Amino acid sequence: MRQLKLFSMSFFCLVMALASASIFLTEARVLLQPQRTEQSFYDHIASGTNSYASSSYSKKLVLGDCSFALLNRSRAGDEQRQTALARSCEKISRAITESMPSNSQAWYVNAFANARLGNTRLFLTSYKHSRRTGPNEQWLAENRARLAEDMFAHLDAESLSLHEADLTMLANSRRGTRTLARRYAANEDFRERIIDIVSKLPP
């Protein structure tokens, strides 16, 4: 009887050790993916082989990589490769939102990918989800504001209201003000909108 218990305990420990090793390897695989400075980084994402592990950290890394790749999509190659990259990021961000509906970064990346793919309806849906699930994350508001400005002609009434809320939050912080100033200098159409928002801020 004692031998059976020892065997059961040993077997359990072996299973746990193997499971731990598997989790470690999966997490390590995310860290060992190509660096952003390498051309293989874009090839890797466009191939659809980019992956994430179970930890929140690995999801944040892969979403950050997709955001960076979508911003610099021209480095992926021709239009076909750029489309493949956007589809890969759309798929992986959608998978994360399905398992973590409150992940505002995943909703943002999904909105970004759908914008690149020309899927306006899906872009708007994910954009709204990102704002609702992460209304107070300034770094994300900066990214959303840039995306909303790029897609301004496609924003509906609700999205315009959410975009204005992001701009208002940015206008209330030093870092956000610097971001808005750069946009103000580069985009003439943006100037009147941001002046109107700033004029409504309390003294």
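Which residues is Cys 89 in contact with, leaving aside its neighbours within four places in sequence?

**Figure 1. Overview of the predicted protein chain.** This is a predicted model, in which local features need pLDDT of at least 70, side-chain atom pairs count only at pLDDT 80 or more, and totals for chains, interfaces and linings use all residues. Residues are numbered from 1 along each chain as its sequence is written, and side-chain values use heavy atoms, with hydrogens and water left out. The protein chain has 10 helices and 0 strands; helices (H or I, at least four residues) and strands (E, at least two) are DSSP runs, numbered from the N terminus. Of its 203 residues, 38% count as buried, where buried means under 20% relative accessible area, exposed over 50%, and partly exposed in between (1.4 Å probe, protein chains only). The accessible surface of the protein chain comes to about 11900 Å², with 57% belonging to carbon and sulfur atoms; accessible areas come from the Shrake-Rupley method with a 1.4 Å probe, and for residues only the protein chains shown count as cover. Among contacts between residues at least 6 apart in sequence, 64% join residues at least 24 apart, a contact being defined by heavy atoms within 4.5 Å.

**Figure 2. Confidence along the chain.** The average pLDDT of the protein chain is 85, and 84% of the residues score at least 70; pLDDT is the predictor's confidence in each residue, from 0 to 100. Over residues 2–7 pLDDT stays under 50, and the model has 0 contacts beyond four places in sequence for them. Residues 11–28 also stay under 50, with 6 contacts beyond four places in sequence. Where pLDDT is low, the predicted coordinates should not be read in detail.

Figure 3. The 16 residues of α3 should span 22 Å at 1.5 Å a residue, and its end C-alpha atoms are 23 Å apart, which agrees; the expected span of a helix is 1.5 Å times one less than its number of residues. Buried residues of α3 include Val 62, Leu 63, Cys 66 and Leu 70. Asp 65 lies in this helix and is buried, because its relative accessible area is 18%. Beyond four places in sequence, Asp 65 is in contact with Arg 36, Phe 41 and Ile 45. Its C-alpha atom is separated by 9.5 Å from that of Asn 50, 15 residues apart along the chain.

Figure 4. Cys 89 is placed in α4 and is buried, with a relative accessible area of 0%. Leaving aside its neighbours within four places in sequence, Cys 89 is in contact with Ile 45, Cys 66, Leu 70, Val 109 and Ala 113. Thr 97 touches Ala 106 and Trp 107, not counting residues up to four places away in sequence.

**Figure 5. Helix α7 and the helices packed against it.** Helix α7 (residues 138–150) has 13 residues and should span 18 Å; its end C-alpha atoms are 18 Å apart, which agrees. Among its buried residues are Leu 140, Glu 142, Asn 143, Arg 144, Leu 147 and Glu 149. The buried residues of α7 pack against α3 (56–71), α5 (104–117), α6 (120–133), α8 (157–171), α9 (174–186) and α10 (188–199).

**Figure 6. The contact of α8 with α9.** The axes of α8 and α9 come within 6 Å and cross at roughly 115°; axes are lines fitted to C-alpha atoms, for helices over the stretch in contact, and angles run from 0 to 180 degrees between N-to-C directions. Leu 167, Leu 170 and Ala 171 in α8 meet Gly 176, Thr 177 and Leu 180 in α9. The residues of this contact divide into 4 nonpolar, 2 polar and no charged. Here Ala, Val, Leu, Ile, Met, Phe, Trp, Tyr, Cys and Pro count as nonpolar, Asp, Glu, Lys and Arg as charged, and the others, Gly among them, as polar.
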